[in-house]
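I opened the model to look up strand pairing, aromatic pairs and charges over rings. My entries follow in the order of the look-ups.

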Amino acid sequence: EALVGALAYTGLNLGDTFKIEATMTAHDDDSFGLIYSMQQYDYAYRVRLDHERGFIRLEALEFGTIHILAERTDIDVPVGVPLTLTVERIGPLHIVHMDDTFLFQAYDTALNSGSRLGFFTWAMNEAHFDSLRVTQPAGL
């Protein structure tokens, strides 16, 4: 399995405390999502949504190995409908929401804070990434 597939990213200096809000739409049933704290394409965190395989995951990519940090299989990944994905990272704490639904939180210290973030797809025929906003988490 490919680690990333198609990738579009920016070189913002995020550090390890930030909030990302992104609006995106998948137009088929394969993988798509956010990649962040990226040092290179195979050393990063990603939130991966996959309708066909029936999961939403927080993964750490580490030099060819995918570590699943959190996973939900009870929430349908919409196809053809815009969704907003929110990721808050406060040091080792990662908190993820889809629209107004809390998905999961996980602690991980394995990866240093990379500076890039972006969108990715895997085996996706068409996806739209409509907005990307980076702020500080509330209360910080």
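Strand pairing. I found β5 (residues 55–62) and β6 (residues 65–72) running antiparallel, joined by seven bridges. Strands here are DSSP runs of E of at least two residues, numbered from the N terminus, and two strands pair if DSSP finds at least two bridges between them.

Basis. I noted that this is a predicted model, in which local features need pLDDT of at least 70 and side-chain atom pairs count only at pLDDT 80 or more, while totals for chains, interfaces and linings use all residues. Residues are numbered from 1 along each chain as its sequence is written, and side-chain values use heavy atoms, with hydrogens and water left out.

Hairpin. I saw alanine 60 opposite histidine 67 in β6. Two residues lie between the strands of the β5 and β6 hairpin, where phenylalanine 63 has a positive phi near 50°.

Aromatic pairs. My search of the whole structure gave four. Ring centres of Phe, Tyr and Trp (its six-membered ring) must lie within 6.5 Å; planes under 30 degrees apart are stacked, over 60 edge-to-face, the rest tilted. One of the pairs is phenylalanine 18 with tyrosine 36, edge-to-face at 5.9 Å centre to centre and 80° between the planes. Phenylalanine 18 is in β2 (residues 17–26) and tyrosine 36 in β3 (residues 31–40), so this pair ties together parts 18 residues apart in sequence. I also noted that ring pairs link Phe18, Tyr36 and Tyr45 into a cluster.

Charges over rings. I required NZ of Lys or CZ of Arg within 6 Å of the ring centre and within 35 degrees of the ring normal. The charged end of arginine 57 is over the ring of phenylalanine 55, 3.8 Å from its centre. Arginine 48 lies over the face of tryptophan 122, 5.5 Å from the ring centre.

Note on methods: Helices (H or I, at least four residues) and strands (E, at least two) are DSSP runs, numbered from the N terminus.
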